[in-house]
Amino acid sequence: MAPALLASADMSQSLIYRIRRTQLMVFKDVSRRLAAFQIGPSQFFVLSLIEANPGANQLAIAQSLSIERAGLGRLVDQLERRGLVQRSTSAANRRYYVLYLTEAGAELLGRLRPAIAESEEELAVRIGPNCFRELQRTLGRLGDP
């Protein structure tokens, strides 16, 4: 039997605490869905961003996803070993690597998107479509600089 979660009056009413708990729940669900493809949420986001921005440099990808440069380097190493991403030296600035999806990467990304969509659809059902749309709008405003 799993131990009961401890509650604190201060934390249970904290918006930050609730956002964090929700983020953990959502990522756990997404991770479970992506596990069949041997990929995690961060790798999915990296692949998606590379697809939308072919030839973007690693630093720009890291900044866009708020990932440390070294952490992104490790993610790209894994994706490159799997043949999903191609990394090459930038012609404009040889200090940077630019990233492209391979054919295999694009094909896998196409298979991953339905799993992500299912997770979001289940969340929309759980909180209701109107709340889901409002949550998207609100989080969009919070995330925009």
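Select Gln-43 to begin: not counting residues up to four places away in sequence, it touches Gln-38, Leu-75, Gln-78 and Leu-79. Touching here is contact, meaning heavy atoms within 4.5 Å. Gln-43 lies in helix α3. Its relative accessible area is 9%, so Gln-43 is buried. Buried means under 20% relative accessible area, exposed means over 50%, and partly exposed is in between (1.4 Å probe, protein chains only).

A word on what is on screen. This is a predicted model, in which local features need pLDDT of at least 70, side-chain atom pairs count only at pLDDT 80 or more, and totals for chains, interfaces and linings use all residues. Residues are numbered from 1 along each chain as its sequence is written, and side-chain values use heavy atoms, with hydrogens and water left out.

**Zoom out**

Show the whole protein as a cartoon. It has seven helices and three strands. Both are DSSP runs, numbered from the N terminus: helices are H or I with at least four residues, strands are E with at least two. From the N terminus on, the order is α-α-α-β-α-α-β-β-α-α. The C-alpha trace spans about 55 × 35 × 30 Å along its principal axes. Of the 145 residues, 29% are buried.

**The aromatic cluster**

Now select Phe-27, Phe-44 and Phe-45. They form one aromatic cluster. How many aromatic pairs does the structure hold? It holds two. Rings of Phe, Tyr and Trp (its six-membered ring) pair if their centres lie within 6.5 Å; planes under 30 degrees apart count as stacked, over 60 as edge-to-face, and the rest as tilted.

Look at Phe-27 and Phe-45. This pair is tilted, with 6.3 Å centre to centre and 45° between the planes. Phe-27 lies in helix α2 (residues 15-35) and Phe-45 in helix α3, so the pair ties together parts that are 18 residues apart in sequence. Phe-27 is partly exposed, at 32% relative accessible area. Phe-45 is partly exposed too, at 36%.

Next, take Phe-44 and Phe-45. Their ring centres are 5.5 Å apart and their planes stand at 65°, so this pair is edge-to-face. Phe-44 is buried, at 7% relative accessibility.

**Helix α4**

Select residues 58-65, which make up helix α4. Which residues of α4 are buried? Gln-58, Ile-61 and Ala-62 are. They cover an arc of only 100° around the axis, which puts them on the same side of α4. That arc is taken from the directions from the helix axis to the C-beta atoms. The buried residues pack against α3 (41-52), β1 (56-57), α5 (69-81), β2 (85-89) and β3 (97-101).

Check both ends. At the start of α4, a side-chain oxygen of Asn-57 reaches to within 2.9 Å of the backbone nitrogen of Leu-59. After α4 comes Ser-66, with a positive phi near 55°.

**The sheet**

Finally, select the three strands. They form an open sheet in the order β1-β3-β2, with antiparallel pairing. β1 and β2 stand at the edges with a single partner strand each, so one side of each has no neighbour in the sheet. Strands pair if DSSP finds at least two bridges between them. β2 and β3 have five bridges. Find Ser-88: it stands opposite Val-98 in β3.

Last stop: Arg-87 lies over the face of Tyr-97, at 5.5 Å from the ring centre. For such a charge, NZ of Lys or CZ of Arg must be within 6 Å of the ring centre and within 35 degrees of the ring normal.

Methods: Polar contact = N/O pair within 3.5 Å; in protein donor to acceptor, adjacent residues only side chain to side chain.
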